Amino acid sequence: MSTATLTGVCPECETDLTVPPVTLGETLSCPECLLTLRVEAVEDGRLTLEMVEMQLRDWGQ
């Protein structure tokens with residue numbers, strides 16, 4: 001029994017990623033650089049990933 005997986009490349013560190021099926025707009029983390037990535041497109045088992053810019057909370061320090 002085989003499980004469908006998708007592949008993509010981290011746009012920051014160029015690590016090859018293999019993930020279970022995901023949907024458009026879903027986020028995941030690169031295991032190498034820990035960058036948060038958003039799925040922009042899924043075509044023929046390949047993911048197009050974009051970096052998600054994280055807003056850090058200003059604690060006034």
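Is Cys33 buried, partly exposed or exposed, and at what relative accessibility? At 31% relative accessibility, Cys33 counts as partly exposed, where buried means under 20% relative accessible area, exposed means over 50%, and partly exposed lies in between (1.4 Å probe, protein chains only). The structure is a predicted model, in which local features need pLDDT of at least 70 and side-chain atom pairs count only at pLDDT 80 or more, while totals for chains, interfaces and linings use all residues. Residues are numbered from 1 along each chain as its sequence is written, and side-chain values use heavy atoms, with hydrogens and water left out.

**View 1. The whole chain is built from strands.** The chain contains zero helices and five strands, and from the N terminus on its elements run β-β-β-β-β; helices (H or I, at least four residues) and strands (E, at least two) are DSSP runs, numbered from the N terminus. The C-alpha atoms fill a box of roughly 55 × 20 × 20 Å, taken along the principal axes. The radius of gyration of the chain is 14 Å, whereas a compact globule of 61 residues would have one near 10 Å; this radius is taken over C-alpha atoms, and the globule rule is 2.2 Å times the number of residues to the power 0.38. Of the 61 residues, 25% are buried.

**View 2. The largest nonpolar core has twelve residues.** A nonpolar core is a set of buried Ala, Val, Leu, Ile, Met, Phe, Trp, Tyr and Cys residues joined through side-chain atoms within 4.5 Å. Its members here are Leu6, Cys10, Leu17, Val19, Val22, Leu28, Cys30, Leu35, Leu37, Val39, Leu47 and Leu49. Strand E2 (16-19), strand E4 (36-43) and strand E5 (46-51) each supply at least two residues of this core. Leaving aside neighbours within four places in sequence, Leu28 is in contact (heavy atoms within 4.5 Å) with Leu17, Leu35, Thr36, Leu37 and Val39.

**View 3. Strands E1 and E2 form a hairpin.** E1 and E2 pair in the antiparallel sense over four bridges, where two strands pair if DSSP finds at least two bridges between them. Within this pairing, Thr7 stands opposite Thr18 in E2. Most residues other than glycine have a negative phi. Glu14, although it is not a glycine, has a positive phi of about 65°, and Glu14 is exposed, with a relative accessible area of 62%.

**View 4. Strands E4 and E5 form a second hairpin for study.** E4 and E5 pair in the antiparallel sense over six bridges, and the bridge partner of Ala41 in E5 is Thr48. This hairpin has two residues between the strands. Asp44, which lies in the loop between E4 and E5, is not a glycine but has a positive phi of about 55°. At 76% relative accessibility, Asp44 counts as exposed.

**View 5. The cysteines form zero disulfides in this model.** A disulfide is a pair of cysteine sulfur atoms within 2.5 Å, and a search of the whole structure finds zero of them. Cys30 is in no disulfide, and the nearest cysteine sulfur, that of Cys13, is 3.6 Å away. Cys30 counts as buried, at 1% relative accessibility.

View 6. Not counting residues up to four places away in sequence, Pro11 touches Leu37, Leu49, Glu50 and Met51. The C-alpha atoms of Pro11 and Leu56, which are 45 residues apart along the chain, are separated by 21 Å. From C-alpha to C-alpha, Met54 and Leu37 are 10 Å apart in space, although 17 residues apart in sequence.
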